[in-house]
Amino acid sequence: MATAAPAPQAGTAPIGVVPASGARQVWRRLRSQRAAVTAATVLVLLILIAVLAPVLSAIEGQDPTTYHDALVNSASGGVPHGSLGGISGVHWLGVEPGTGRDLFARLVYGSQISLLVAVGATVVQVAVGIAVGLAAGLGSRLLDQFLGHTTDVMIALPGLVFAIALMAVVPNSFPRPLLLMLVIGLLGWGGTARVVRAQTLSLKELDYVAAARLGGSSPWRIARRELLPPLAAPVITYAALLLPSNVVSEAGLSFLGVGVRPPTSSWGQMLSSATTWFQADPMYVLLPAALLFVTTLAFTVFGDALRTALDPRAASRLRVGVRRRRTKEETA
Amino acid sequence: MSSHPLAPRRLAALAALTAIAAGAAACGPKSEDAGADATPHQGGTLTILNQTPQTKFDPAREYTTGGGNIPGLVFRSLTTRARKAGAAGTAVVPDLATDIGEPSQGATVWTYHLKAGLKFEDGTPITSADIKYGVERSFAPQLSGGAPYLRDWLTGASGYQGPYKDPKGLSAITTPDARTVVFHLNKPEGDFPYLATQTQFTPVPKAKDTGTKYQDHPVSSGPYEVVSNQNDGTTLTLKRNPYWSQKSDAQRHAYPDRIVVDSGLDPAVIDQRLATGSGADADAVTTDTNLGPAELAKVNGDKELASRVGTGHFGFTNYLAFNPKVKPFDNQKVREAIAYAINRTSVVNAAGGSSLAEPATTFLPNQATFGYTPYDPFPAGRSGNAAKAKALLAQAGYPHGLTVTLTASTSDANQDGPAVAAAVQDGLKAAGITVKLVGLEDDKYQQDIYSVASEPGMFLSGWGADWPSGGPFLAPIFDGRQIVKDGYNFNSAQLNDPSVNAEIDRINKITDHAAAAKLWGKLDQRIGTKALTVPLFHPVYKRLYGKNVRNVVISDWTGVLDVSQVAVK
């Protein structure tokens, strides 16, 4: 990796200089990291798969919900006929035990739900986090204390237990993916709020912010015009690390039976129904598990690279451009 | 599973049983030196690995069918179930009594005579007063848990509060002498001998009764007595009762010297331990853990494991229930359309495949003892008849299909969860019926579907009877007088048809079980045409047992390996 020394924590480092020096420079720094390029390619592919799920299933000639009773061995618990979970030219990744539903179609359609919920939940977490963090950083001491303690409580809460409870009490007519998004999002904004508050506290002492305040700008205007732009870098970085954990949260909730409702598939739902089959039909477990692993890894690697690219001091160690030759000489 | 090899197997099993009975009559089972497989080995320790602890180990508090499996080792009652494999095991036979009961006055009075020489574990003789006291105890509020029949059936018992509050006892039970006990009922009940298999008919010596503490060490009348009972039945250790004799008990064998019940285990752990069979697990069985579809697929791939699977048929029906008070299920045509549209192949596969579920078209389980009469009021083959369903929907006023809601549990453990619900959904899709699934957490699901106030329009349900007879199978579901407005209601369709009620009363009077069974079958067929339920499948139980376990007997009454018959090598 390019970052030999531990990168400074995005949340705690005081921002002394104006951070990002233009999108183009960030892009160049990102491009220079091979891991980032690979991770981004994987992510683009995954998003394409999710978006093109109907097209991909149509090319295969299958859909995610149709039962194929003849493809499973009913007398033997419904294990798919054939080797490797019934992989064939017709069913590219085999079929689901018990139902004979096409696994390829279920996986690609499942990626829609899994990615959508993860992205949606991240947006909610970031939006609430920024709002609470800014209010705490700019507001009165009382408000700061109140919001600070609220944030502490949110971080300390056993999120999974609360999520299960919330999912159970909401009426059944409420769309499930949206509910998953909201529950994961509204329970997980604590980290973002802390990062934003810390940054706000150090930013508002800077001269240009003080100047704006003296010039008579309202707190709302200061937040919008002076604070949000420099906050973008740490928040984007933090969001890139929140995403993979949200993918896992969705899988976890669906795994516990409070996620999506049948016949909808998601990676978590598939993992959940596959757990008992790991000995009899390993492919059924391996497919969603592998996808979940790849997605989480790609998001994490990309998030890490993004942080490096957005942080000028870490980025300087990347030696982009002029110093490239020297780097070569050193490694040679 | 085909039915062809059934007949020879049944014969073989019968032959084996007669051999054992003969051995028992002579001098009881011999030890190792006896012939290889002819007589099961006596001695050793049998381990029982279970999920659910044997809580409330008090004969007054047990809710059992046929006296239970583990409770039956310690508690004997007036009658019991025949310890025979398959259909022969659905018969009721004498236990402490000399016969299954003498009915008189139109089956309202039942008289029992105790066998001679019966003793408790402390050597004191068992008398008719102990039986009467045992029944009376079960009325005490602090010892609740048993089936409600005694309170409903015994004359003047509805308000009785048990012998602690009311020491005069129940006048409906009389004991003319030390070996005779007579029960007076408020209505004719031909099935009384089946009720008398339950542990409430177990003798309890009044002098040894310690109230709610009695469950720690109940006084045994059966082949084993309690050594220790830890954490309310989580670990239960039993040893031989020296005062029990095989001569007085034609049903139980009690081959092992000790029995250890180890419960509170995870089902996956139980299956894995039985499959591996190391140490004491080689001598182990389970009475409450079925093989799931994935485990079955794994076991089927291993010959040695496959040879250690016991298959049982407990009379049970999983069905789709309608609430005709909710639109559009008030329309019989809609209900019929759904009955035609169901794809039973998908549903059976979702329930674990053809080895774990048999497609059902009758409400009564597919066993003669319930009065099973094969019929299908809405014949649509194994995979449903979408065209016929569509035609019926058009007649009902839904030519362009309709959208309905199906309520199920969120757990697949009892085959009433998302897997079966999604299979029903897929079948109805072909007939133009869009099904929205509602999954409820299991406790909430049970609460909602069994309450008149919150009952959904269409839901997955299941029913098993307290004993293998058509009465307790049909009456709670279809008898209009059993609709419970403020409590658990099982008559989901809220059917209150005077002619059905009258027929139930008429059959209940019949003491000849075979004759009654025929009439239950006919009644089932008659109710079936109303499409108040759509029978989906009858589950089949498959359970692993340890390497050294011998003499496996699984009756159709319980569907479970009988621990009173098991021997360990």
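A: In this predicted model, the pair to examine lies in chain A, where the axes of helix α4 (residues 103-138) and helix α12 (residues 282-310) come within 11 Å and cross at roughly 30 degrees. Angles under 35 degrees count as roughly parallel, so α4(A) is roughly parallel to α12(A). The crossing of α4(A) past α12(A) is right-handed. On the α4(A) side, the contact is formed by A:L103, A:L107 and A:S111; α12(A) contributes A:L287, A:P288 and A:L291. Sorted by class, the residues of this contact comprise 5 nonpolar and 1 polar, with no charged residues.

Two packed helices are described by the angle between their axes and the distance between the axes. A helix pair in chain B can be described in those terms as well. There, helix α8 (residues 332-341) and helix α10 (residues 386-396) have axes that come within 8 Å and cross at roughly 170 degrees. Since angles over 145 degrees count as roughly antiparallel, α8(B) and α10(B) are therefore roughly antiparallel to each other. The residues of α8(B) that make this contact are B:K333, B:V334, B:E336, B:A337, B:Y340 and B:A341. From α10(B) come B:A386, B:K388, B:A389, B:L392, B:L393, B:Q395 and B:A396. By class, the contact of α8(B) with α10(B) has 9 nonpolar, 1 polar and 3 charged residues.

As for contacts in chain B between residues at least 6 apart in sequence, 72% of them join residues at least 24 apart.

Finally, the two chains touch each other. Their contact takes 24 residues from chain A and 29 residues from chain B. The side of chain A that touches chain B divides into 10 nonpolar, 11 polar and 3 charged residues. Returning to the pair requested, the contact of α4(A) with α12(A) has no charged residues, whereas the side of chain A that touches chain B has 3.

Key. Residues numbered from 1 in each chain as written. Chains lettered and ligands numbered in written order. Predicted model: local features only at pLDDT ≥ 70, side-chain atom pairs only at ≥ 80, totals over all residues. Contact = placed C-beta atoms within 7 Å. Axes fitted to C-alpha atoms, helices over the stretch in contact; angles between N-to-C directions. Helix = DSSP H or I, 4+ residues; strand = E, 2+ residues; numbered from the N terminus. Parallel < 35°, antiparallel > 145°, perpendicular 65-115°, else oblique. Nonpolar A, V, L, I, M, F, W, Y, C, P; charged D, E, K, R; others polar. Left-handed = near helix turned anticlockwise from the far one by under 90°.
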